[in-house]
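Have the viewer open and follow along.

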Amino acid sequence: MAALTLTAGLFATGAPASARANDVVPAAEASDVSLAADTYDWKNVRIDGGGFVPGIVFNRSEKNLAYARTDIGGAYRWDQAGKQWTPLLDWVDWDHWGWTGVVSLASDSADPDNVYAAVGTYTNSWDPNNGAVLRSSDRGASWKATELPFKIGGNMPGRGMGERLAVDPNKNSVLYLGAPSGNGLWRSTDSGATWSEVTAFPNPGNYAQDPTDTSGYGNDNQGIVWVTFDERTGSAGSATQDIYVGVADKDNTVYRSTDGGVTWSRIAGQPTGYLSHKGVLDSDNGYLYLTLSDTGGPYDGGKGRIWRYATATGAWTDVSPVAEADTYYGFSGLSVDRQHPGTLMATAYSSWWPDTQIFRSTDSGSTWTQAWDYSSYPNRTNRFTQDVSSVPWLTWGANPAPPETTPKLGWMTEALEIDPFDSNRMMYGTGATIYGTENLTNWDSGSQFKITPMVKGLEETAVNDLASPPSGAPLLSALGDIGGFRHTDLDAVPGMMFTSPNLTSTTSLDFAEASPNTVVRVGSADAAPHIGFSTDNGSNWFQGSEPAGVTGGGTVAAAADGSGFVWSPEGAGVHRTTGFGSSWSASTGIPAGATVESDRKNPKKFYGYKAGTFYVSTDGGATFTAKAAAGLPVEGNVRFKAVPGIEGDVWLAGGSATGAYGLWHSTDSGATFTKLSGIGQADSVGFGKAAAGASYQTLFVTAKIGGVRGVFRSTDAGSTWTRINDDAHQWGWIGASITGDPRVYGRVYVSTNGRGIMYGDSSDGDGGGTDPGTDPGTDPGTDPGNPPGDGACSVKYKVTNQWSGGFQADVTLTNTGTEALDGWQLGWTFADGQKVTQMWNATPTQDGAKVKAASIAWNGKVAPGASVGFGFTGTLAGGNAAPAAFALGDKACATG
């Protein structure tokens, strides 16, 4: 079979890897575009998590070596020193974007430097490429790849089952891979360089989530779902003889080979009617455990069991913690404590309401206890405490009635692993984060163990839209699954996602260019509303009404002065409103489904685009006129934006490989467009602060220029371009949105599809240029470019109670200025390692010693001379000195 090799990048452990497909640097296309390069420092805008983590893998021979896989956001290695995750697949390029979906991970216990990843996002036509097995001999710092002759799907149904990829613990040159789609079981005998099908394996699986689906998604055969070895049946350098394989087949879910994979047979007496999500072997006691569900997950599952197989006698025992009739969920997460054989844990992955459940046994499954019980319904007794102060948005801003709690233990909990070297450490994945504990054995002693997010560094959001206003927060984001955030500090986790309304996914947002406190967002929701408005730069929101028939967000645009809005929702045609959406009227002259944007100078002018035709309105979106600009893309994704401060100046990017594709510019409100030469493909465009001496804003694009795919910057209106990313920083598909920062020259925000928001800062000091945008006005948030100054505020801090290991404090913030505060964020630094555990009347975030307390909905407005108070409890690591200084946004407050 053909092998696809990736160049190994020479980076120190912990650095991102560099790789290029086929060992070949693409030849530059003929171009009259001048290309340069600039060194950028790339970081994530911190959110921490935000997506499904279906797999966590600990190495069995080296302490603190662990990996996590995500369904669309790559793979990560645990950094014990920083208690955070290091991304390993940022080098994956645009053409291989599917390789950011990780189906399975395997860490080599014989040689811990070796790690393997099976990658590919979809098995149907959505992903144009086949899957691959990546291999690394330096713990993921660099990779080589072998392309498979079939597709595999990290974001397909059943992705929480596994692990499908496994290394023989006795002969580590031998690996097995379970394939989906009827492609069977595969084996490599040369450390993953080449693969061949194990033709003797009798069952490629037959279970599909929805056989009636015709898209190739729900009707895909989930195939071979896990492989595990009984290491007792081999010796160093000699292949393991007993191998167990899980199959997506309710009647035949587990097979075994006793001759090193030469022959295979169904194990007699096994449970039927269920799929085995996990198969974990306790080799000390000779037990194989299966967690089973009636479906493949990760969203579904109505019944489940846990079974134990005695490998010596062939006896099967149902060791489920509850009666089958009492399950309304399937079991999946499964781990054995390698320090204490006989201790195991399992999860009820599909217990959505009132919470997930985690089970623990210390006697090989004979008896179990669970993470929470009912004391007297609906009240719960928890064996755990849960502290999400490091990622406070995990509460979802909810206030549920018992037996629900906030935050929840989780949902989609298909991955759970006990550290093989530390019985007190356990991690488990959810649909939004990784949780963990470091005092797990408190469970057995009857005291509570503490659960906290263990997700720092793992960024897994899919980004739909980005906006960087000229004042207020430096960034507003529209995200899949968790809505989006107002990012007042790029390097700190936001306190809460957008609420009121809560949108499951925000598809589009915009602010009024001349009045940036006016913001609008639209998105998906189970029911109306699908739109929200803010008059304080996204700090607080209120729901808007909507036209009849709306089923989804679509795109939305705000008038330059905030006087009105144009909305192109799913399920209804384009509509416009004045004010804040108390009533809507249908726009004429523009088709349903058109993308809409606003002119950033003229508040009456709006634009639209669909299928090769550009539309313009000069009456606030009431009527649109089609412009007959020739040569624009008829198919593919098209995104366009108007330049701040210049009426009628529009840039348009998009298209498809089978038609027009590139970057176009109009200076006459879309009456005519000029295609830029030398840009073969472009997918998104944005603007940032002008360079020193330049009168035109800096352009940013994700594009293919001179034959090279990347992120590019132009400081001269597109005459010359500079590539600002490199081969180590590509992040797969990055076509949804890009924007510069109007306040910081060179800063750019880039969307990814599963790796969160990346932001880059230039090493080029060419700043301080002319900004043709609006007057920045007053910034209530944190401007990273400005040092702290004196603010119109004072703070009183008082410890009101203190006990062994903890304390309580009250804080009073007084507005000593002449203007009202409209949304506030107070920051300070602890000197003695104190940690906030709970806060009231404010929303906390903490990163190390740095703490921020943000206003909540009802106390954000503070009149001149008025005060607002909040309090918190915290833990002590030593002393308890009061903070030496406080800052309101970026301004220092008086104390006393």
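A salt bridge here is a side-chain nitrogen of Lys or Arg within 4 Å of a carboxyl oxygen of Asp or Glu. By that rule, D318 and R305 bring their side chains together in a salt bridge, at 3.2 Å from N to O. This pair ties distant parts of the chain together: D318 sits in strand β22 (residues 316-318) and R305 in strand β21 (residues 304-310), 13 residues apart. Strands (E, at least two residues) are DSSP runs, numbered from the N terminus.

Before going further, some housekeeping. This is a predicted model, in which local features need pLDDT of at least 70 and side-chain atom pairs count only at pLDDT 80 or more, while totals for chains, interfaces and linings use all residues. Residues are numbered from 1 along each chain as its sequence is written, and side-chain values use heavy atoms, with hydrogens and water left out.

**Charged pairs**

Searching the whole structure turns up 26 salt bridges.

| Pair | N to O distance |
|---|---|
| D318 and R305 | 3.2 Å |
| D230 and R232 | 2.7 Å |
| E404 and K408 | 3.0 Å |

How covered are these partners? Buried means under 20% relative accessible area, exposed over 50%, and partly exposed in between (1.4 Å probe, protein chains only). D318 is partly exposed because its relative accessibility is 34%, and R305 is buried because its value is 8%. D230 comes out at 2%, so D230 is buried, whereas R232 has 44% and is therefore partly exposed. E404, with 23%, is partly exposed, and K408, with 19%, is buried.

**Strands and sheets**

Strands of a sheet pair through backbone hydrogen bonds, either parallel or antiparallel. In this model, 4 strands make an open antiparallel sheet in the order β49-β50-β51-β52. At its edges are β49 (637-642) and β52 (674-675), each pairing on one side only. Two strands count as paired if DSSP finds at least two bridges between them. β49 and β50 (residues 650-655) run antiparallel to each other over 6 bridges, and N637 has G655 of β50 as its bridge partner.

Over at β7 (residues 102-107), 6 of the 6 residues are buried.

**Nonpolar cores**

A nonpolar core is a set of buried Ala, Val, Leu, Ile, Met, Phe, Trp, Tyr and Cys residues joined through side-chain atoms within 4.5 Å. The largest one has 48 residues, and W393, I434 and I757 have the most contacts inside it. Contact means heavy atoms within 4.5 Å. Leaving aside neighbours within four places in sequence, I434 is in contact with residues including V53, W85, M427, T452 and L458. Apart from this core lies another of 25 residues, among them Y797, W824, M839 and C893.

**A proline in a loop**

Where does P169 sit? P169 is in the loop between β11 (165-167) and β12 (175-178). With a relative accessible area of 25%, P169 is partly exposed. Not counting residues up to four places away in sequence, P169 touches S109, A110, F229, E231 and T240. R46, by contrast, is 123 residues from P169 along the chain, and their C-alpha atoms are separated by 37 Å.
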